[in-house]
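Here are some exercises to work through with the structure on your screen. Try each task yourself before you read its solution.

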Amino acid sequence: MIRSRKQIIWDYAATLKLFEEVSKVGEMDGNLKLQKLTFLAELEGLKIGLAVSHFKFFRYNYGPFSKDLVGDVQQLTDMGFCTAGRKLTKRGQFILDYIKPEIERSDAASNAFALFGRIAEEYGRRGGKSLMNSVYRMVVPVYDLGGQEVRVEKIPFHTDILVPTCEKDLTEVIPFDAEMITELEEELETQPELLDSENPSYQKSVKEALARLSRTVNA
């Protein structure tokens, strides 16, 4: 099942939160660690009935892997919300600060963000290969096998392991209303150069906005 618009927005925020928590104890040193930490977070969410994110994981070369996660992180990097080293930029921190009141008003969202903190605290100091080896030894419920629990290294290749969007018993944790979803979507899609006051495109957009304002006032 394809992620909805609001689920994608939440997943961006959840990924930024994971980056923030990992930076407190270590580094997100590569995609292997990113994939395994996110998988562990979703697995823990499954145990307590929370859809902490909506990334589908299937069995691939190095264990559970999510294509959507790769795409989301690349988008966050390209748009200037995190560095190539998976550290938050000012834009990324702004997003987390902006949504903080909404998170705090929602028990489910607060629990999801707290879970990212626990995952980072428990696993964030370890490297990607170490995490991969630990995940290989885990016994997990496999979506494509009807929830049957199987040791990860024994799961057939290309088998879907976790599919949060298809789990009926998971509680949705997204605390944003439609207006906030739109605001976040606009912020997440704004090209970085349009925020640079020295950039001609930024200066042009400001002039156009002022001209529109002037016409409105004088109408």
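## Exercise 1: A residue in a loop

Met-79 sits in the loop that links H3 to helix H4 (90-104). Keep in mind that this is a predicted model.

**Task.** Decide whether Met-79 is buried or exposed, and find which residues Met-79 is in contact with, leaving aside neighbours within four places in sequence.

**Solution.** 
- Step 1: Start with the relative accessible area of Met-79, which is 5%. Buried means under 20%, so Met-79 is buried.
- Step 2: Now look for contacts, leaving aside neighbours within four places in sequence. Met-79 touches Arg-91, Leu-188, Glu-189, Thr-190, Gln-191 and Pro-192.
- Step 3: Glu-193 is 114 residues from Met-79 in sequence, and their C-alpha atoms are 9.2 Å apart in space.

## Exercise 2: The helix before the loop

**Task.** Describe helix H3 (residues 67-78), and work out where its buried residues lie around the axis.

**Solution.** 
- Step 1: Check the length. H3 has twelve residues and spans 17 Å from first C-alpha to last, close to the 16 Å expected at 1.5 Å a residue.
- Step 2: List the buried residues of H3: they are Leu-69, Asp-72, Val-73 and Leu-76.
- Step 3: Look down the axis of H3. The buried residues fall within an arc of 95°, so they line one face of the helix.
- Step 4: See what covers these buried residues. The cover includes helix H1 (5-23), helix H2 (31-48), E2 and helix H7 (178-189).
- Step 5: Inspect both ends. At the N-terminal end, Ser-66 caps H3, with a side-chain oxygen 3.5 Å from the backbone nitrogen of Asp-68. After H3 comes Gly-80, with a positive phi near 85°.

## Exercise 3: A polar side chain

**Task.** Find which backbone atom lies 2.7 Å from a polar atom of the side chain of Gln-35, and say how accessible Gln-35 is.

**Solution.** 
- Step 1: Locate Gln-35, which belongs to helix H2.
- Step 2: Its relative accessibility is 3%, so Gln-35 counts as buried.
- Step 3: Follow the side chain of Gln-35. One of its polar atoms is 2.7 Å from the backbone nitrogen of Ser-66. Ser-66 is also the residue that caps H3.
- Step 4: Beyond residues up to four places away in sequence, Gln-35 touches Phe-57, Pro-64, Phe-65, Ser-66, Leu-69 and Val-70. Among them, Leu-69 is one of the buried residues of H3.

## Exercise 4: Strands and their partners

**Task.** Give the order of the strands in the three-stranded open sheet, then describe the hairpin of E4 and E5.

**Solution.** 
- Step 1: The order in the open sheet is E3-E2-E6, with antiparallel pairing.
- Step 2: Strand E3 (63-65) and strand E6 (160-162) are at the edges with a single partner strand each, so one side of each has no neighbour in the sheet.
- Step 3: From one strand to the next, the twist averages 45°.
- Step 4: Strand E2 (residues 57-60) is joined to E6 by two bridges; Phe-57 has Leu-162 as its bridge partner in E6.
- Step 5: Turn to the hairpin. Strand E4 (residues 139-142) pairs with strand E5 (residues 148-151) over four bridges, in the antiparallel sense, and Val-142 has Gln-148 as a bridge partner.
- Step 6: Five residues stand between the strands of this hairpin, and Gly-146 has a positive phi near 70°.

Notes. Residues are numbered from 1 along each chain as its sequence is written. This is a predicted model: local features need pLDDT of at least 70, side-chain atom pairs count only at pLDDT 80 or more; totals for chains, interfaces and linings use all residues. Side-chain values use heavy atoms; hydrogens and water are left out. Two strands pair if DSSP finds at least two bridges between them. Axes are lines fitted to C-alpha atoms, for helices over the stretch in contact, and angles run from 0 to 180 degrees between N-to-C directions. The expected span of a helix is 1.5 Å times one less than its number of residues. Buried means under 20% relative accessible area, exposed over 50%, partly exposed in between (1.4 Å probe, protein chains only). The arc is that of the directions from the helix axis to the C-beta atoms. Contact means heavy atoms within 4.5 Å. A polar contact is a pair of N or O atoms within 3.5 Å; within protein, one must be able to donate a hydrogen and the other to accept it, and residues adjacent in sequence count only if both atoms are side-chain atoms.
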